[in-house]
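My notes follow the order in which I looked things up.

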Amino acid sequence: MRTNATQDGFQPATSGRAAGARLGATVGAAEVRTTGATPVAPAALSPSELRAAEQTIALAHDSRDATAVAEWLKNNPDPAKQAAFMDLMFQYGEVAGGILDDVQRLPESDRALLSQALDNAYRSGAVSPGELSGAVAAAHRGELPGETHEGLASIVAGTGNPDLIETYARREMEIVRENGGYDQQRSAAVATALAGLPPDRLQAFLAANPEGMADVIKNINAAGPDATYSPALGKLLDAAGRINPPTAESLKVFTDSVSQLGENRESRAAAARFFTQHGDAVLSSLQDQSGSLGLDGQKKMSEFFARTLFSPPQDYPGSDAFRQNVMQRLETMNAGLAQHANENPPSQDAKRSARLMGSLVGSLEGGFQVAVDELNKRNDAVKGMVDLLFSAKSLLPNLPIPGAGKLKDLTIDQLQRWVTSNLQEKAQTPAQAIPFHRAFGEQIANPDLRTDYDAARGDAFLNRQRGLT
């Protein structure tokens, strides 16, 4: 450890001893925020405490590891001392942000300690909004090793402090916009931070920053390892799912995210959870005046099903519940149409319902074909289809499967053989191997509604998503 590490490595806005004096002199003038528990103002550090704090900051900065800072906070549990430490660290600007980004080796308990200390420091005025913004490194677009900013964003989100989170997210978003709207790493950081907002504040932020959020979402999972492993998009989707009832802005988070799901397990799981909870609102937001899904909605839902049902990874958390929800939704729609079996002519509401159901089935068929043709995942698509059909056994006990008996009597192995043989026989038209239109469409007794259903189903299948990301 260098004796004068802080002087050799980096310089604060004021000298260390002057900083200590400022801590004791300006507490009364500090702006105190009241977004959580009563904040504790910083207390002046003794000369020995100040030297130890400076050395800790230097060590954490040099080693690219926040462990030393977490240890200092554990050894100094007094919130006033911790606020003084944060005040000192944030005088070094981007150094503070870099240290709080280097938390990969820290256990959750230590990360929580960092978040708690930052929250108190911010609310007590020891760390100002300007200092927090100044701690966000503006160079390199977050692309260098260790500069993803997701670590820093997770500490910010862990504070649960809406004012702090929004200040941080706005600064990262500003840098993204300054860089032409493209920055995958910073966009993931924004999503990670916003996931810490309560539903009402997240809704307000989404409504106030539509262009910035569009950039954020289009960048997430765009390329590289983050596309497969980053939890950022999943966290944002879960946070948007907590806005209840859903809003136009929260639904847009879902629909804009569909093209970004890729092979990211956590993103898929969160998207499936969102649809399970808010599927009615999602479909309603994508409908046109006729009741069918609009062109964009058909493409979105086809890709959504291709990613969540028919291509790997298919074993994400909640996948079984999601399959059940999709099939239950179709069964509920079918039961609703049965109530209009003898209407001549059927009501406009019934016709809209038939078209929506047809669009949904066509999107499922389209998603299957997308997985087979465009993603080249025939075997995985078959597995997804078999799992989906098997989950419907209790819903459609009398569905006849040509040459195989009834669905309710088939084992999963028998279903596998049946779907596989159909694909082999109809390799050019995989959709013909899918019995969704038979499972539901042939049960529509009203001929007018069946016509509406068939037309909407055909359109949705033909307009399935092409050129997937």
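Entry 1. I started with H9 and H10, and found that H9 passes H10 in a left-handed crossing. This is a predicted model, and I read every value below as computed from it. On the H9 side I listed Leu-152, Ala-153, Val-156, Ala-157 and Thr-159 as making the contact, and on the H10 side Leu-164, Ile-165 and Tyr-168. Sorted by class, the residues of this contact come to seven nonpolar, one polar and no charged.

I then looked up the geometry of the pair. H9 covers residues 150–159, and its axis lies 8 Å from that of H10, at an angle of about 155 degrees. Angles over 145 degrees count as roughly antiparallel, so H9 and H10 are put in that class.

Entry 2. I went on to the other partner I had marked for H10. H10 (residues 162–178) packs with H11 (residues 184–194) at an angle of about 165 degrees, and the two axes are 9 Å apart. H10 and H11 are therefore roughly antiparallel, and their crossing is left-handed.

From H10 I noted Ile-165, Tyr-168, Ala-169, Glu-172, Met-173, Ile-175 and Val-176; they meet Arg-186, Ser-187, Ala-189, Val-190, Ala-193 and Leu-194 of H11. The class count for this contact is 10 nonpolar, one polar and two charged residues. I also noted that Ile-165 and Tyr-168 of H10 are listed in the contact with H9 and in the contact with H11.

Entry 3. How far apart are the end C-alpha atoms of H7? I found 24 Å, which agrees with the 24 Å that its 17 residues (108–124) should span at 1.5 Å a residue.

I checked burial next. H7 is mostly covered, with 12 of its 17 residues buried. Among the buried ones I wrote down Leu-113, Leu-114, Ala-117, Leu-118 and Tyr-122, and also the charged residues Asp-110, Asp-119 and Arg-123. What covers the buried residues of H7 includes H4 (67–75), H5 (79–90), H6 (94–101), H8 (129–134), H9 and H10. After H7 comes Gly-125, and I noted its positive phi, near 95 degrees.

Entry 4. Last, I looked up Asp-452, which is found in H24 (residues 447–462). Is Asp-452 buried or exposed? Its relative accessibility is 11%, so I put it down as buried. With neighbours within four places in sequence left aside, I found Asp-452 in contact with Lys-351, Ala-354 and Arg-355.

Terms used:
Residues are numbered from 1 along each chain as its sequence is written. This is a predicted model: local features need pLDDT of at least 70, side-chain atom pairs count only at pLDDT 80 or more; totals for chains, interfaces and linings use all residues. Side-chain values use heavy atoms; hydrogens and water are left out. Axes are lines fitted to C-alpha atoms, for helices over the stretch in contact, and angles run from 0 to 180 degrees between N-to-C directions. Helices (H or I, at least four residues) and strands (E, at least two) are DSSP runs, numbered from the N terminus. Angles under 35 degrees count as roughly parallel, over 145 as roughly antiparallel, 65 to 115 as roughly perpendicular and the rest as oblique. A crossing is left-handed if the near helix is turned anticlockwise from the far one by less than a right angle, and right-handed if clockwise. Contact means heavy atoms within 4.5 Å. The expected span of a helix is 1.5 Å times one less than its number of residues. Buried means under 20% relative accessible area, exposed over 50%, partly exposed in between (1.4 Å probe, protein chains only).
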